[in-house]
Amino acid sequence: MSEPILALRANHVVLMVSDLERSVTFWTTAFAMDVIAREPRANAAFLRLRLSRNHHDLGLFGLGADAPRRSSGTVGMYHIAWQVDTVDDLETARLALAQIGAYTGESSHGATKSIYGTDPDGNEFEVMWMLPREEWGEYERLAPVDHLNLGAEVARWSGVSTGAVGSGLVGGAS
């Protein structure tokens, strides 16, 4: 067998959407992404997270209003996860998603704390904060789906940065 691919991390996500402009508005509003390029021949837009050093973090390709939607629970990607730097940022994300009607739930996975939402086409996403690596403990090899008490997590971890903002690790390789 040949050598495996030694990828660093996922670099960007591409979504097929029904209405390109509606999706651009959603992602630029919900995540303060900047549109960095458009490709009209493909009805596409490329967006970058404000804290990213990546060329683009999200590609959107508009298929038109008649494009069929993927049904929940069918084969295909379940969701994408966007990491935030602090648990305070996770709390802000929950409020922002609730305000625009995109919030769908939350859970604790032990080493990560997560909230969930959907975009206008029903594409699911996660916004997550990771515990400091030295605090993973038993969660090193576990990924439970438990109730998230975000207030208690904020009280314990407020101000603790784990997303490596400024180090070149957010949004792609440095």
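Reader: What makes Lys113 and Glu153 count as buried or exposed?

Author: Lys113 is buried, and so is Glu153; buried means under 20% relative accessible area, exposed over 50%, and partly exposed in between, with a 1.4 Å probe and protein chains only. Bear in mind that this is a predicted model, where local features need pLDDT of at least 70, side-chain atom pairs count only at pLDDT 80 or more, and totals for chains, interfaces and linings use all residues. Residues are numbered from 1 along each chain as its sequence is written, and side-chain values use heavy atoms, leaving out hydrogens and water.

Reader: Why is the contact between Lys113 and Glu153 called a salt bridge?

Author: The term asks for a side-chain nitrogen of Lys or Arg within 4 Å of a carboxyl oxygen of Asp or Glu. For Lys113 and Glu153 the closest N and O atoms are 3.6 Å apart, so the pair qualifies.

Reader: And what makes Arg50 exposed but Asp34 partly exposed?

Author: Arg50 has 57% relative accessibility, so it counts as exposed. Asp34 has 31%, so it counts as partly exposed. These two also form a salt bridge, with their closest N and O atoms 3.0 Å apart.

Reader: How do you know which class Glu39 and Arg41 belong to?

Author: Glu39, at 22% relative accessibility, counts as partly exposed, while Arg41, at 76%, counts as exposed. Glu39 and Arg41 form a salt bridge too, the closest N and O atoms being 2.7 Å apart.

Reader: How many salt bridges does the whole structure hold?

Author: A search finds eight.
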